[in-house]
Amino acid sequence: MSRPLAALLGLILVSAPALAHAQDASVKRRLEDRGVKYQVDADGDFKITYNYKSEGRTQLVFVSGATESVGGFLVREVFSPAARVDQDGINGSKALELLKESSNNKLGSWEIRGDALYFVIKLPDSINGGELESAMDIAGEIADNMEKEISGARDAL
């Protein structure tokens with residue numbers, strides 16, 4: 001490998017983590033500016049625990065720690081778990097119900113990732129802190145309502 005090519009490759013490898021860190025810092029700044037308390041999980045996602053005191057429930061909401069580029073947009077995900085697919089009996093008929101419900105949502109849709117059902121909102125990363133917090137509120141509320149519908153009083157996610 002030529003020296004200039006090796007130097008360029010080295011610069012790319014050093015810059016990629018710095019770019020990812022800058023994106024993480026932008027979410028951190030937006031959350032902190034709104035006074036949102038969070039933890040960063042092992043995947044680098046920002047984990048927020050909503051506390052619905054009047055109902056005696058909590059709900060996890062995540063903001064992805066990285067973005068993806070799609071058609072010139074930098075997209076960031078906000079997602080919240082609602083059920084375990086096997087444990088909660090998410091089958092073909094329930095999946096069809098969820099698809100129908102997704103068509104009524106103006107922001108977000110239902111997705112299955114691994115063994116979990118999530119409500120996921122995909123947004124341009126240019127949104128401000130207030131818009132990000134609003135998306136988190138929406139995802140948390142919709143996922144928690146579905147968790148109650150599916151599993152009753154159990155508050156596992």
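**Salt bridges and their setting**

Mentor: Along the sequence, the elements of the protein chain come in the order α-β-β-β-β-β-α-β-β-α. That amounts to three helices and seven strands, where helices (H or I, at least four residues) and strands (E, at least two) are DSSP runs numbered from the N terminus. The model is predicted, so local features need pLDDT of at least 70 and side-chain atom pairs count only at pLDDT 80 or more, while totals for chains, interfaces and linings use all residues. Residues are numbered from 1 along each chain as its sequence is written, and side-chain values use heavy atoms, with hydrogens and water left out.

Of its 157 residues, 38% count as buried; buried means under 20% relative accessible area, exposed over 50%, and partly exposed in between, with a 1.4 Å probe and protein chains only. Among contacts with a separation of 6 or more, 54% join residues 24 or more positions apart, a contact being heavy atoms within 4.5 Å. The accessible surface comes to about 9,200 Å², and carbon and sulfur atoms contribute 56% of it. These areas come from the Shrake-Rupley method with a 1.4 Å probe, and for residues only the protein chains shown count as cover.

Turning to your subject, the whole structure contains twelve salt bridges, each being a side-chain nitrogen of Lys or Arg within 4 Å of a carboxyl oxygen of Asp or Glu. One of them joins D125 to R30, with an N to O distance of 3.0 Å. Since D125 belongs to the loop between β7 (116–124) and α3 (129–151) and R30 to helix α1 (residues 3–33), this pair ties together parts that are 95 residues apart in sequence. D125 and R30 are both buried; R30 counts as such because its relative accessibility is 7%.

The backbone of D125 takes part here as well: its oxygen lies 2.9 Å from a polar atom of the R30 side chain. This is a polar contact, that is, a pair of N or O atoms within 3.5 Å; within protein, one must be able to donate a hydrogen and the other to accept it, and residues adjacent in sequence count only if both atoms are side-chain atoms. Apart from neighbours within four places in sequence, R30 is in contact with R76, D125, I127, N128, G129 and L132.

D125 forms a salt bridge with R76 too, at 2.6 Å from N to O. Here the loop between β7 and α3 holds D125 and strand β5 (residues 73–84) holds R76, so parts that are 49 residues apart in sequence are tied together. R76, like D125, is buried.

A further salt bridge pairs K148 with E55, whose closest N and O atoms are 2.6 Å apart. It links distant parts of the chain, with K148 in helix α3 and E55 in the loop between β2 (46–52) and β3 (57–63), 93 residues apart. K148 counts as partly exposed because its relative accessibility is 27%, and E55 counts as partly exposed at 43%. Elsewhere, salt bridges link E77, E111, R113 and K122 in a network.

Strands β6 (residues 109–113) and β7 pair in the antiparallel sense over five bridges; two strands pair if DSSP finds at least two bridges between them. S109 stands opposite V120 in β7. The two strands form a hairpin with two residues between them, and in the turn G114 has a positive phi of about 65 degrees.

Helix α3 supplies K148. At its start, a side-chain oxygen of N128 comes within 3.0 Å of the backbone nitrogen of G130. The end C-alpha atoms of α3 are 32 Å apart, which agrees with the 33 Å that its 23 residues should span at 1.5 Å a residue; the expected span is 1.5 Å times one less than the number of residues. Its buried residues include L132, E133, D144 and E147. I138, also in α3, is partly exposed with a relative accessible area of 30%. Not counting residues up to four places away in sequence, I138 touches L107 and I121. After α3 comes G152, whose phi is positive, near 75 degrees.
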